[in-house]
Amino acid sequence: MIWTVLLLVLLYVILTRRSRSKGEPPLDRGLIPWLGHALEFGKDASKFINRMKMKHGNIFTVRAAGRYVTVLLDPHSYDTVIEDSDSLDFTRYAQVLMERIFNLQLPHHQPAKAKAMMKRHFHGINLATLNSTMSRNLQALLKAEMTPNQKDWKEEGLFDLSYSLLFKTGYLTLFGGEQNNNSTDPSIVYEEYKKFDGLLTKLARGTLKSEEKRTAQSVQKRLWELLAPAGLTEDSGSNPWLHAYRRLLQGEGTDEETQKKAVLMQLWATQGNVGPASFWLLGYLLTNPEALIAVRREFSQISQMETSEAPLTDRPTSTPVFDSALEEALRLTAAPFITREVVQEKTLHMADGQQYRLRKGDRVCLFPFISPQMDPEIHHEPQKYKYNRFLNEDGSVKRDFYKGGKRLKYYTMPWGAGTNGCVGKQFAINTIRQFVYMVLTNYELELCDPNAQMPEINASRYGFGMLQPEGDLPVRYKPKH
Ligand code: HEM
């Protein structure tokens, strides 16, 4: 029996063995049959891709868990992937992840319609309404966290503080309506969501142990129940976007169980990145006094001119120093994969004149974290946080960055790019700016240990949007008097 199994495995390995054909990128199958490089990839994708880059250059194909993935690392060539939605499909891989992470299948879904709808609700005049609701919720949550007459310091991990406050703000703004009505308590949703978020990368890779699988299932179930009323009716207290999304799903024949799963996916898409991004920004400011002084100076000029409690959302306000400080924090900590499935054979024309053939059924993956974001040819001392990296000497926005003597279109890419880039970018920036403004203007905030360094990065999260820290950065805060 055992010999038959071994023979079958050997036969499978020989029959599915792939070799590099003429005109294709360098192929690195790894030593383990079928699995290839999957383990190293999952453990620390950035380290692995860097190792492959040293070995093969800016383009190579690796095997991971039975799939062949071509990784492209030349930002001058990114548009050949981003702009070709005929040969390179966004939705297929998104559907794979949807099923693995959210147990969700939407066979009749029209993603273009859902996206156009989201754009309508998150841009233009609707964005202004969203901003003021967000600002009101944030203020109320901050006040509940710390009453204005409190005199003692409160100690907390900065990641926990940022993630919980911004998650709850976003939840109330988009999913739950005002606090104190009948909607679900945002703290309960956050506690469950954090457990889910902790298992997310393993869910995506299909590497949960049986105990973790049980936890993931029960947390998912709990979240589906908590999210059940969100957007169901027009007066559910959620943002109109969620109600419109529900109606779109209903129109496609999606049953209520599946709708709940889809709402959980939207919770992740809209709330999973803002809290971690705010943590990194505040953490870098607190550990770089010069940067903190510069951002504080810009904010105090605004607060001196304003009487409103939420000045940044009332009217467009220019904050170039803050913008650069945020861009720099995102350069160091936003690490999404931009993945497409090859649905018809394609010749990829690189900017340096080389051409490579991509096979149908493979995947293509851009990893802007390695280049442009951490590329020493583009950003001098890329490991260092420099709050004014995206400012010219005269204080204007710096957009000129070069690689190989050629000006770059993409010099940092935290939001993705092209038609599948982030729909919520402006809302996310406004939320982070409002949070940092309120905290720095109304609170005294400092590191518990003045010499503390930023925590390490949790290496298993490369590829999933904003990175998260390993551990936390202890801070203390109290209202300003
Ligand atoms: C710091 C915060 C955020 C970051 C760094 C971020 C980043 C990204 C990235 C990189 C993508 C593209 C993924 C790809 O190409 O495969 C994306 C897509 C998306 N983002 Fe964000 N995002 C953030 C916040 C938000 C917020 C607040 C919302 C909504 C309120 C949002 C809604 C979306 C949606 C709906 C998509 C999918 C677009 C599509 O289907 O084509 N994001 N985001």
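In this predicted model, 25 residues of domain 1 make contact with 28 residues of domain 2. On the domain 1 side of this contact, helix H2 (38-43), H3 and H5 each contribute at least two residues. H5 gives the most to that side, with six residues. By residue class, the side of domain 1 that touches domain 2 consists of twelve nonpolar, seven polar and six charged residues.

Both domains are made of two stretches of the chain: domain 1 covers 23-103 + 338-366, and domain 2 covers 111-334 + 369-479. Their centres, taken over C-alpha atoms, are separated by 28 Å.

**The sheet and its helices**

Six strands form an open sheet in the order S1-S2-S3-S9-S6-S4, and the pairing is mixed. Strand S1 (27-28) and strand S4 (88-89) are the edge strands, each pairing on one side only. Strand S2 (residues 59-64) and strand S3 (residues 67-72) run antiparallel and are joined by six bridges. Within this pair, Phe60 stands opposite Val71 in S3.

Helix H3 (residues 45-56) packs on the sheet and touches S1, S2 and S3. The direction of H3 makes about 130° with that of S2. Helix H5 (residues 91-102) lies across S4, strand S6 (338-342) and strand S9 (363-366), and runs at about 110° to S6.

**Annotated positions**

An unreviewed UniProt entry lists Arg100, Leu106, Asn273 and Arg363 under "binding site". These positions span 264 residues in sequence, and their farthest two C-alpha atoms are 24.5 Å apart, so they do not all gather at one spot. The UniProt annotation "binding site", again from an unreviewed entry, also covers Cys422.

| Residue | C-beta atoms within 10 Å | Class |
|---|---|---|
| Asn273 | 24 | buried |
| Arg363 | 22 | buried |
| Cys422 | 17 | partly exposed |

Where does Arg363 lie? Arg363 is placed in strand S9. Leaving aside neighbours within four places in sequence, Arg363 is in contact with Arg67, Val69, Tyr93, Thr339, Arg340, Glu341 and Val342. Arg363 has 22 other C-beta atoms within 10 Å and is therefore buried, the cut-off for this class being 20 or more.

Asn273 sits in the loop between helix H12 (256-271) and helix H13 (274-286). Apart from residues up to four places away in sequence, Asn273 touches Ala428, Gly465 and Met466. Asn273 counts as buried because 24 C-beta neighbours lie inside 10 Å.

Cys422 is also found in a loop, the one between strand S11 (406-407) and helix H18 (425-442). Not counting residues up to four places away in sequence, Cys422 touches Trp415 and Gly416. Is Cys422 buried, exposed or partly exposed? Cys422 is partly exposed, because its 17 other C-beta atoms within 10 Å fall between the limits of 12 or fewer for exposed and 20 or more for buried.

Notes
Residues numbered from 1 in each chain as written. Predicted model: local features only at pLDDT ≥ 70, side-chain atom pairs only at ≥ 80, totals over all residues. Pairing = 2+ DSSP bridges. Helix = DSSP H or I, 4+ residues; strand = E, 2+ residues; numbered from the N terminus. Contact = placed C-beta atoms within 7 Å. Axes fitted to C-alpha atoms, helices over the stretch in contact; angles between N-to-C directions. UniProt positions renumbered as here; feature names shortened; annotations may be inferred. Domains from an automatic or database assignment. Nonpolar A, V, L, I, M, F, W, Y, C, P; charged D, E, K, R; others polar.
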